[in-house]
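Here's a quick briefing to read alongside the coordinates. Have the viewer open and follow along.

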Amino acid sequence: MSINTSSTTYPKPLKIGVRFKQPAIFLLYEADQSGKFRKRIMPVRGLKKTSSVSLIAGDLKERHGKYLKGVPDFKIEKMLRLIQNDMKGMDLDESLQDLEKEFAVDPDENLNDIDDVRLKRKKEIMNLSFEKNRKKPGDPDFEYDVEVDFSQVAGVESSMWDSEKDENDSEI
């Protein structure tokens with residue numbers, strides 16, 4: 001009796017797209033280490049003009065988990081929202097502008113005032129942006145222990161508490 005110890009490899013998602021007539025989501029992915037690209041068409045079922053896109057996205061991720069494992073939930077929701085806006089009769093350019101506002105993180109927005117679903121989406125967007133811009137050891141422009149003096153940046157207010165050490169701090 002032998003046990004298969006080979007690890008399961010998941011496809012690497014490259015691009016995600018949408019089809020409006022006979023609603024579906026397209027996924028272009030790298031199938032294996034050989035570098036072959038494949039396309040998967042996933043039909044969208046049960047989406048109506050007023051449906052919750054987060055529930056439909058969860059259903060899609062459950063049905064096509066192997067392929068959508070590496071795709072963030074908010075990207076699937078964005079594609080579903082495009083289909084939904086098309087059902088409502090919105091122009092594609094207008095729909096894209098609307099989605100840009102909905103799926104962007106505004107630094108002045110108070111995240112304490114939004115519901116849990118939108119908060120989760122905003123956190124996923126921020127996390128994806130962080131991972132994209134993060135410099136890791138092994139990257140060509142990685143530097144260890146970078147020090148930046150933010151007081152030199154124009155428009156930044158300085159406070160007394162962050163520029164001087166308290167006398168009690170040095171005793172600890």
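F26 has I41 as its bridge partner in β3, in a predicted model. Strand β2 (residues 24-30) pairs with β3 in the antiparallel sense over seven bridges; strands count as paired if DSSP finds at least two bridges between them. Helices (H or I, at least four residues) and strands (E, at least two) are DSSP runs, numbered from the N terminus.

**The sheet**
- Three strands make an open antiparallel sheet, in the order β1-β2-β3.
- β1 (12-19) and β3 (37-43) are the edge strands, each with a single partner strand, so one side of each has no neighbour in the sheet.
- On average, neighbouring strands here are turned by 20 degrees against each other, direction ignored; axes are lines fitted to C-alpha atoms, for helices over the stretch in contact, and angles run from 0 to 180 degrees between N-to-C directions.
- β1 and β2 also pair in the antiparallel sense, over seven bridges.

**The turns**
- The β1 and β2 hairpin has four residues between the strands, and Q22 there takes a positive phi near 55 degrees.
- The hairpin of β2 and β3 has six residues between them, with G35 in the turn at a positive phi of about 90 degrees.
- Just after α3, G89 takes a positive phi of about 90 degrees.

**Helix α3**
- Helix α3 (residues 73-87) lies across β1 and β2, and runs at about 15 degrees to β1.
- Its 15 residues should span 21 Å at 1.5 Å a residue, and the end C-alpha atoms are 21 Å apart, which agrees; the expected span is 1.5 Å times one less than the number of residues.
- The buried residues of α3 include F74, I76, M79, L80, L82 and I83, along with E77 and R81; buried means under 20% relative accessible area, exposed over 50%, partly exposed in between (1.4 Å probe, protein chains only).
- The buried residues of α3 pack against β1, β2, α1 (53-63), α2, α4 (92-102) and α5 (116-133).

**The aromatic pair**
- Searching the whole structure turns up one aromatic pair.
- That pair is Y29 and Y67, tilted, at 5.3 Å centre to centre and 55 degrees between the planes; rings of Phe, Tyr and Trp (its six-membered ring) pair if their centres lie within 6.5 Å, with planes under 30 degrees apart called stacked, over 60 edge-to-face and the rest tilted.
- Y29 sits in strand β2 and Y67 in helix α2 (residues 65-68), so the pair ties together parts that are 38 residues apart in sequence.
- Y29 is buried at 8% relative accessibility, and Y67 is buried at 17%.

**The whole chain**
- The protein chain has six helices and three strands, in the pattern β-β-β-α-α-α-α-α-α along the sequence.
- Of its 172 residues, 20% count as buried.
- Among contacts (heavy atoms within 4.5 Å) with a separation of 6 or more, 38% are between residues 24 or more positions apart.

**Confidence and conventions**
- Mean pLDDT (the predictor's confidence in each residue, from 0 to 100) is 82 for the protein chain, and 83% of residues reach 70 or more.
- Residues 1-6 stay under 50 in pLDDT, with zero contacts beyond four places in sequence.
- Local features need pLDDT of at least 70 and side-chain atom pairs 80 or more, while totals for chains, interfaces and linings use all residues.
- Residues are numbered from 1 along each chain as its sequence is written, and side-chain values use heavy atoms, leaving out hydrogens and water.
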